[in-house]
Amino acid sequence: MKEQPTAYPSPGKSMDFDDTENRVMSGSWAIETNGLTMRFGDFTAVDAINLKVSHGKIFGLLGPNGAGKTTTIKMFTTLLKPTAGAAIVAGFDVGSFPAEVRKRIGYVPQMLSADGALTAYENLMLSAKLYGMKRPDRKGRIADALNFMGLNNSSHKLVKTYSGGMIRRLELAQAMLHRPGVLFLDEPTIGLDPVARRIVWERLIALKEKYGITILITTHDMEEADQLCDEIAIMHHGKIAATGSPASLKASVEPGANLHDVFVYYSGGSIEEGGNYRDVRKTRRTANRLG
Amino acid sequence: MSGKQEELQTAWADSFPLLGFLKESLAIAEVELKKLIRDPTELFTRAVQPVLWIVIFGQVFSRVRGIPTGTIGYLAFMTPGILAQSVLFSAIFYGIAVIWERDLGIIHKLLVSPARRGSLVFGKAISSGFRGFVQVVVIYFLAIAMGIGLRWQPYAILGVLFSVALGSAIFSTFSLIVACIVKTRERFMGIGQLLTMPLFFASNAIYPLTLMPVWLRWFARLNPLTYLVDSLRGLMITGGHSVHGFGVDFGVMLFVFIIFLLIADRLYPTLVQ
């Protein structure tokens, strides 16, 4: 008989990795990794990272293009199976129990992933069905999500007529529809104008406060990290260079330092550096779609 | 929040996996069809090619008496072949849309949902099957205009629809497999062009297998298009018959579809890696 995965961990206990079975035994973190590694041939994109993310916080993974942020988020969301190490997300090991992880997480990729040929309502209905929501619950959940993201009045318009900020809010509505425990956002405000960016930030903070969702974002925008994140980790060349609250990291460098100074201090390079042709092309493609 | 709540929401899907699989597949098929209805341009442009084949190629070749078509005329013989061809040509480029969805991030989001990978692939195959029905309508109108005798018994029409849906599902899933391997639109276009003509000419679509050299006949026997054409020839045309028998035709097509589905189920997640 197939072994059932361990249910949600009991609070207060630390995680105990079993190297042979690669299963989580218990834990008290929304996300916890132990030597998480991803290699593509000879290239190590993510190099044995150890991270702990508390429940109900906004956690930022900072780094330039090519630092390994997207690869890390792909492992957390089960799109990539780690080459080595382990990651426990929402109580389950991503390598051993990907289906259990998927039920408990939401994801907004860097690209604009809402289907432009469908209306907002149809996009949300598809998500509701794929997440196995019961028919009587679907309409109520969709109405709540549209209302929360301020999209009620345009829910029956085709998404291709939406502004970039509205598409991002729709994607957040899709990702929160099934009330995930952990929400992953890959560069959530890339390419958005300052007003749309602030609205998205405000909605993310409201999501955390109203529903207690743990949110992990990747960004190379220092202002975003400063405004939004309770804690951050700086990634560089696939490694974690530093972790802590924005204030503590700044204080650790010098009085009056900003996050860019922190990044230079811990990684020896600028946030603007790095990234290969593919990374830049993907970023620009998203920015182009947002106009 | 949430752990308990989520387990309740998805409990039914875990208890009835087949029902959950079908519901997920239909959800995917439904949105694909909505998109097709909103923008049917592609279907109309794809309808032009069969008109050219039947009206020009068919009329010219019906004057050649050397093609053994049994008791039916050449135009009637080739009409099911052209229906199969338009199903093939329409479905084989389905992978382009999949690569486009990958580039937009739509597939990333689908793959992070708890929906089964197989249901995401099967849903696309169902929608492709429905797209094939439009080709049926076009060819039937064309056949009527050309005075070709058609079978109108309900079972024959249902059989044609089933054949077309299955054929379309086979080639669209095959196209999805190719898309998962090549991953870029540029490479896919080249390979798509490379595949269609050999599949079409190494089949019984416009001439019987008996005309082929032995080596080509073997290739044609491995080609699922041959069985699609054969079933259509038996079901669609007055006086037409299935050379291999419907049992073999549908058996082979179902077998090929299931194999392709299993391969696509494994490869689909690699699109985003």
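1. Let me start inside chain B. Leaving aside residues up to four places away in sequence, B:Ile28 touches B:Leu120, B:Gly123 and B:Lys124. B:Ile28 itself belongs to helix α2 of chain B, which covers residues 17-38. Its C-alpha atom is 6.5 Å from that of B:Leu120, although 92 residues separate the two along the chain. Is B:Ile28 buried or exposed? B:Ile28 is buried, because it has 23 C-beta neighbours inside 10 Å, and the cut-off for that label is 20 or more.

2. A word on confidence, since this is a predicted model. Chain B has a mean pLDDT of 89, with 95% of its residues at 70 or more. The stretch to watch is residues 1-9 of chain B, where pLDDT stays under 50. The model still gives that stretch 21 contacts beyond four places in sequence. For the complex, the predictor reports an ipTM of 0.83 and a pTM of 0.83.

3. On to where the chains meet. Chain A puts 34 residues into the contact and chain B puts in 30. Which elements of chain A give two or more residues to the side that touches chain B? They are α2 (98-104), β7 (105-108) and α3 (120-130) of chain A. By residue type, that side of chain A splits into 17 nonpolar, nine polar and eight charged.

4. Now chain A as a whole. Its 291 residues include ten helices and eleven strands. Buried residues account for 51% of the chain. Taking contacts in chain A between residues at least 6 apart in sequence, 67% link residues at least 24 apart.

5. The sheet deserves a look. Six strands of chain A make an open sheet with mixed pairing, in the order β7-β8-β9-β4-β10-β11. β7 and β11 (239-244) of chain A are the edge strands; each has a single partner, so one side of each is left without a neighbour in the sheet. From one strand to the next, the twist averages 15°. Note that β7 of chain A also turned up in point 3, as one of the elements on the side that touches chain B.

6. At the β11 end, β10 (residues 231-236) of chain A pairs with β11(A) in the antiparallel sense, over five bridges. Within that pair, A:Ile234 sits opposite A:Ala242 of β11(A). Helix α9 (residues 259-267) of chain A packs on the sheet there, touching β4 (58-62), β10 and β11 of chain A, and its direction makes about 45° with that of β10(A).

7. Which residues of α9(A) are buried? A:Leu259, A:Val262, A:Phe263 and A:Ser267 are. These residues lie on the same side of α9(A), because they cover an arc of only 100° around the axis. The buried residues pack against β4, α7 (222-228), β10, β11 and α8 (246-253) of chain A.

8. Toward β7, another helix covers the sheet. Helix α5 (residues 164-176) of chain A lies across β7 and β8 (182-186) of chain A, running at about 160° to β7(A).

9. Last, a hairpin. Strands β1 (residues 31-40) and β2 (residues 43-49) of chain A pair in the antiparallel sense over four bridges. The two strands have two residues between them, and A:Gly41 in the turn has a positive phi of about 65°. A:Phe40 stands opposite A:Phe43 in β2(A).

Technical notes
Residues numbered from 1 in each chain as written. Chains lettered and ligands numbered in written order. Predicted model: local features only at pLDDT ≥ 70, side-chain atom pairs only at ≥ 80, totals over all residues. pLDDT = per-residue confidence, 0-100. Contact = placed C-beta atoms within 7 Å. Nonpolar A, V, L, I, M, F, W, Y, C, P; charged D, E, K, R; others polar. Buried ≥ 20, exposed ≤ 12 C-beta atoms within 10 Å, placed from the backbone. Pairing = 2+ DSSP bridges. Axes fitted to C-alpha atoms, helices over the stretch in contact; angles between N-to-C directions. Arc of directions from axis to C-beta.
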